[in-house]
There are 2 protein chains.
Amino acid sequence: MGSSWGIPRTMAEVHALLYIVGEPLNTDQIMARLSISRGSASMSLKSLHDWGLIARAHRRGDRKEYFRAEQDVWQVFRIITRERKRREIDPVLMALHECRDLTGPRATAAMRHRSEIEAHNLRLDEMIEFIRLIDSLAEQFVSPSGKGLRLAVGLLGKAV
Amino acid sequence: MGSSWGIPRTMAEVHALLYIVGEPLNTDQIMARLSISRGSASMSLKSLHDWGLIARAHRRGDRKEYFRAEQDVWQVFRIITRERKRREIDPVLMALHECRDLTGPRATAAMRHRSEIEAHNLRLDEMIEFIRLIDSLAEQFVSPSGKGLRLAVGLLGKAV
DNA sequence: TGGATATTTCAAAATTTTCTGAAAGCACTG
DNA sequence: CAGTGCTTTCAGAAAATTTTGAAATATCCA
């Protein structure tokens, strides 16, 4: 599933395994089950943990680290959305602002190509405004309260 | 921008160029401007055209084909969302259904691991239901009427 | 602290994705 | 229907991404 979601294949597989198995597994179990290398397993687990999709767990009498996957699909979706927003929207907004700064009032002092620059700026502003909207929409979806997404589904369902 | 959006770099650049320039360009102009090969330009233009992000245009007295980019950011977003839904949600739904079929009533006839299979099925059903919701949400966003997205932004803005 | 076990790192290898450029294909014109 | 100009195709090249595996590092416990 995750491979079409912009997530490395192995990382997606590790998460899928932990999600489906439901109970905590350790690195060796994961390696064996998925036929992947130790390095790969370690990296995938680290990423998944950074994202918050899995939690460390320990068994007493066992020094190995075990990992358990978040089980709530809504929460999983929220986490993935947050990450995608971070990767796909935030940098774009920053880039747009940088572009805008380059042709701001100060930069147009040269007064050459004035109207052309202004046309570009209009277009840029329109785009910045738009991405801002999408950004705040995404923000709602990932809000920790968790209300945004359910609300959207509910509202749009009715609004059809 | 588009490179973090799951779109090939060159394709994104071609679209950006056409969008920013605003007026139609032909293949040679695009090649020159972006320093890319003819094949690459042709393929990118084909994809963009398939998506509906650019339209063919002709100048009289000129046999070359010109391309003009869709100028409305909302429409651009809708098109990209439609494509991403097609690539990221639809196949997942199909895969989930396939999985579900494998462990459906017929398959459990063997009666072994019965409860384990049922637990998996519950999980699977939960996920299918969830992805269905997301899918219909996306459907609203890409609806040709174009109301879905604006509505969502409006509603959620108020709902904060 | 030493030794044993578990985890992380990272350069090189494998894989996947994307681009190139030459050749084939098409369509118009004389 | 041959010539010209433009577009598309696709096998191989290049680039980007991901994985491996062994060495380095960290952790635990006697």
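Before anything else, I noted that a residue is near a molecule or strand if one of its heavy atoms lies within 4 Å of it. I also wrote down that this is a predicted model, where local features need pLDDT of at least 70, side-chain atom pairs count only at pLDDT 80 or more, and totals for chains, interfaces and linings use all residues. Residues are numbered from 1 along each chain as its sequence is written, chains are lettered from A and ligands numbered from 1 in the order in which they are written, and side-chain values use heavy atoms, with hydrogens and water left out.

**DNA strand C**

I looked at the atoms of DNA strand C within 4 Å of the protein: 57% belong to sugar or phosphate, and the rest belong to bases.

Next I checked the polar contacts (pairs of N or O atoms within 3.5 Å). The side chain of R63(A) has an N or O atom 2.9 Å from a base oxygen of DNA strand C. E65(A) uses a backbone N or O atom, which lies 2.9 Å from a phosphate oxygen of DNA strand C.

Which elements give two or more residues to the surface near DNA strand C? They are α3 (38-51) of chain A and α3 (38-51) of chain B. Helices here are DSSP runs (H or I, at least four residues), numbered from the N terminus. I saw that α3(A) gives the largest share, five residues.

**The two copies**

A turn of 180° and a shift of 0.0 Å along the axis does it, with an RMSD of 0.0 Å. The two copies are thus related as by a two-fold rotation axis. In chain A, A152(A) comes closest to that axis, its C-alpha being at 3.4 Å.

**Inside the protein**

I then clicked on N121(B), which sits in helix α5 (residues 114-142) of chain B. Is N121(B) buried or exposed? It is buried (under 20% relative accessible area, with a 1.4 Å probe and protein chains only), at 9%. Not counting residues up to four places away in sequence, N121(B) touches R100(B) and T103(B), where contact means heavy atoms within 4.5 Å.

Notes:
Copies are superposed by least squares on the C-alpha atoms of residues with pLDDT of at least 70 in both. A polar contact is a pair of N or O atoms within 3.5 Å; within protein, one must be able to donate a hydrogen and the other to accept it, and residues adjacent in sequence count only if both atoms are side-chain atoms. Buried means under 20% relative accessible area, exposed over 50%, partly exposed in between (1.4 Å probe, protein chains only).
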